[in-house]
Amino acid sequence: PGLSAAQPASRPFAPGPFAPGPFLPGPLEAARRASCPKDAGVQAAAQPGEPVAGFKARPIALSRLARFGLQRRQADQLRFVAGFHLTSDDPAFGGLSALAWDGAGRLLGISDDGRFVWMELDEDGLRPLKTRMAPMLDAAGAPLPDKTSRDAEGLALWGDLALVSFEQAHRVLAFDLGGCGAAARGQPVAPAEAVARALAGLGAPVGANAGMEGLALTADQYLLAGLETQPGGASPLSIRPLEEPPDFDLSIGLGAPPLTALDILEGADGSLRVFSVHRAFDPRTGPAIVLIETRFERRDASPGEAGASRADIRFAKRDERRLAEL
């Protein structure tokens with residue numbers, strides 16, 4: 001948290017005609033039921049996870065010039081709000097891959113070692129005060145067994161249902177954190193077989209550690225997934241109904257570093273503003289970070305046809321602009 005556009009890009013969905021109702025149709029409804037099975041005796045958790053020992057959040061500045069009293073608040077078209085360096089005495093803490101507000105005034109994070117991290121925030125809504133952590137569980141209720149299965153990278157929220165994308169074992173799992181907290185069991189909504197077919201269709205190899213780094217979900221359940229790998233110098237992006245396999249037929253960030261995160265704002269007409277973070281590290285020059293806004297509009301591939309389905313809706317890129325280069 002720290003760089004903001006005109007509106008916060010971290011809301012799980014926008015109000016308007018596409019806002020979700022009280023029921024989850026299709027795959028998310030099934031995933032929610034299976035994630036907290038009553039016959040297994042799963043009970044709602046009063047507080048998620050276990051406290052993280054020795055947690056500290058130290059404020060940091062946007063520029064190293066702050067040590068000389070020169071405060072930098074502007075990063076190209078973005079205004080720097082706040083930044084924090086997070087540390088803990090717990091060796092399992094760290095490796096945070098994604099963050100999102102969970103609707104209860106907390107930050108929800110995921111780590112690349114397969115853990116959920118909940119952060120309570122100060123009254124200013126920015127500084128993390130205390131943190132809890134819990135391992136992600138598989139469909140049988142056991143912790144994900146190894147690094148290959150635990151490499152969590154992307155996070156999208158549907159209310160209190162968390163969708164998490166994984167590298168190495170490329171897939172997307174759903175966890176009903178609102179229903180049973182840290183006891184939620186991961187349920188596939190983009191199974192490994194479907195993702196593998198989509199990655200194979202790129203025409204370029206996707207490394208084990210270069211898969212779905214960015215994840216977002218529209219209010220009417222179109223899943224956005226962005227890849228870290230860059231065939232042709234741009235980051236592949238899939239925007240498809242959740243019940244359909246991804247296809248990665250779109251791309252963003254031509255000439256930018258690899259994609260590492262994304263989020264969305266939705267228009268009343270179903271158009272999308274996609275905010276993506278692109279990051280790379282060079283041992284000679286240090287880190288490079290580029291933040292990009294890409295606008296997409298919805299197009300019905302079969303307008304007026306009887307029997308047209310959600311799968312007929314496609315998204316076309318309107319334009320793209322770099323918000324900041326750091």
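The legends below describe close-up views of a predicted model.

In this predicted model, local features need pLDDT of at least 70 and side-chain atom pairs count only at pLDDT 80 or more, whereas totals for chains, interfaces and linings use all residues. Residues are numbered from 1 along each chain as its sequence is written, and side-chain values use heavy atoms, with hydrogens and water left out.

**View 1. Strand β11 and its hairpin with strand β12.** Helices (H or I, at least four residues) and strands (E, at least two) are DSSP runs that are numbered from the N terminus, and two strands pair if DSSP finds at least two bridges between them. Strand β11 (residues 152-158) and strand β12 (residues 161-166) are antiparallel and are paired over six bridges, with Ala152 standing opposite Phe166 in β12. The two strands form a hairpin with two residues between them, and Gly159 in the turn has a positive phi of about 65°. Seven of the seven residues of β11 are buried, so this strand is largely enclosed by the rest of the structure; here buried means under 20% relative accessible area, exposed over 50%, and partly exposed in between, with a 1.4 Å probe and protein chains only.

**View 2. The disulfide of Cys36 and Cys180.** A disulfide is taken as a pair of cysteine sulfur atoms within 2.5 Å, and a search of the whole structure finds one. Its partners are Cys36 and Cys180, with an S to S distance of 2.0 Å, and the angle of -80° about the S-S bond makes the link left-handed. Cys36 lies in the loop between α1 (26-35) and β2 (50-51), while Cys180 belongs to helix α3 (residues 177-180), so the pair ties together parts that are 144 residues apart in sequence. Both ends count as buried, Cys36 at 14% relative accessibility and Cys180 with a relative accessible area of 1%.

**View 3. Salt bridges of Asp113 with Arg115 and Arg150.** A salt bridge is defined as a side-chain nitrogen of Lys or Arg within 4 Å of a carboxyl oxygen of Asp or Glu, and the structure holds 21 of them. In the pair of Asp113 and Arg115, the closest N and O atoms are 3.7 Å apart; Arg115 is partly exposed with a relative accessible area of 22%, and Asp113 is partly exposed with 25%. Asp113 also forms a salt bridge with Arg150, where the closest N and O atoms are 3.1 Å apart. This second pair links distant parts of the chain, since Asp113 is in the loop between β8 (106-111) and β9 (115-121) and Arg150 is in helix α2 (residues 147-150), 37 residues apart.

**View 4. Further salt bridges, including that of Asp220 and Arg298.** The closest N and O atoms of Asp220 and Arg298 are 2.8 Å apart. Asp220 lies in the loop between β15 (212-217) and β16 (222-227) and Arg298 in strand β21 (residues 286-300), so the pair ties together parts that are 78 residues apart in sequence. Elsewhere, Arg240, Asp247, Asp249 and Arg314 are linked in a network of salt bridges.

**View 5. An open sheet of four strands.** The strand order is β15-β16-β17-β18, with antiparallel pairing. Strands β15 and β18 (250-252) are the edge strands, each pairing on one side only. The twist averages 25° from one strand to the next, where axes are lines fitted to C-alpha atoms, for helices over the stretch in contact, and angles run from 0 to 180 degrees between N-to-C directions. Strand β17 (residues 235-241) is joined to β18 by three bridges, and the bridge partner of Ser235 in β18 is Ile252.
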